[in-house]
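Reader: Good morning. Could we go through this structure together, one part at a time?

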Amino acid sequence: MDEIAERILTEFQSQPIVAGELTLQPSPHTLIRANTNFFVESKTQEFDFELLGQKIHITATPTEYTWNYGDGETYGPTTDSGYFLRDDELGEETHTSHQYQETGDYQVSVKVHFKGEYSVNGGTMIPIDGRGEFTTPSQLISVWKSESRLVSGTCLENPDGWAC
């Protein structure tokens, strides 16, 4: 049993745990200095395998998130996984939103921290001493700037006018 306990953290960290699904709002484009919302949907996962002739059951539960916004800024670790915004809420600040200060393309990802528990041969669940860290696939966000100007008339009336 002691040999199993010693190897269980390594086994836990090598399981095919899915970090979760990262969502960017708006996406794939956002505006410079605007609040861009991010959230990740991560779930508890279970795995069964054999180790040293014993049946092992592992439960991995997401506990914390570290956000990498791709521009050198990070947030976390935090227990906040973010949340979906309705269309009429886009642009509102959330705990996991971010404002980009420069235009460009950025790769965004989230490292999800999981706690684990295991049982041997269907016995009592035992906490794993340590945690697993798994990163979502990165997603590209393009940060643009916009300009607005007052104009008089339509492009039909003034084909040389601004933005025509």
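This is a predicted model: local features need pLDDT of at least 70, side-chain atom pairs count only at pLDDT 80 or more; totals for chains, interfaces and linings use all residues.

Reader: Where does T74 sit?

Author: T74 belongs to strand β6, which spans residues 74–78.

Reader: Is T74 buried or exposed?

Author: T74 has a relative accessibility of 53%. The cut-off for exposed is over 50%, so T74 counts as exposed.

Reader: How far apart are T74 and V108?

Author: In sequence, 34 residues separate T74 and V108. In space, the distance from C-alpha to C-alpha is 9.9 Å.

Reader: How do β5 and β7 run, and how many bridges join them?

Author: Strands β5 and β7 run antiparallel, and 12 bridges join them. As an example of opposite positions, P62 faces F114 in β7.

Reader: What about β7 and β8?

Author: Those two strands pair in the antiparallel sense over seven bridges. K115 stands opposite R131, which is in β8. The hairpin of β7 and β8 has five residues between the strands, and N121 there takes a positive phi near 55°.

Reader: How many bridges join β7 to β9?

Author: Five bridges join β7 to β9 (residues 139–144), and these strands run antiparallel as well. The bridge partner of Q107 in β9 is L140.

Reader: Now the helix, please. Which residues of α1 are buried?

Author: In α1, which covers residues 2–13, the buried residues are I4, I8, E11 and F12. They span an arc of only 90° around the axis, and therefore lie on the same side of α1.

Reader: Why would residues three or four places apart point the same way?

Author: An α-helix has 3.6 residues a turn, so residues with that spacing point the same way.

Reader: What is on the face of α1 turned away from its buried side?

Author: That face carries the exposed residues D2, E6 and T10.

Reader: And what covers the buried residues of α1?

Author: The cover includes β4 (45–51), β5 (54–68), β7 (104–120) and β8 (126–135).

Terms used. Residues are numbered from 1 along each chain as its sequence is written. Side-chain values use heavy atoms; hydrogens and water are left out. Buried means under 20% relative accessible area, exposed over 50%, partly exposed in between (1.4 Å probe, protein chains only). Helices (H or I, at least four residues) and strands (E, at least two) are DSSP runs, numbered from the N terminus. The arc is that of the directions from the helix axis to the C-beta atoms. Contact means heavy atoms within 4.5 Å. Two strands pair if DSSP finds at least two bridges between them.
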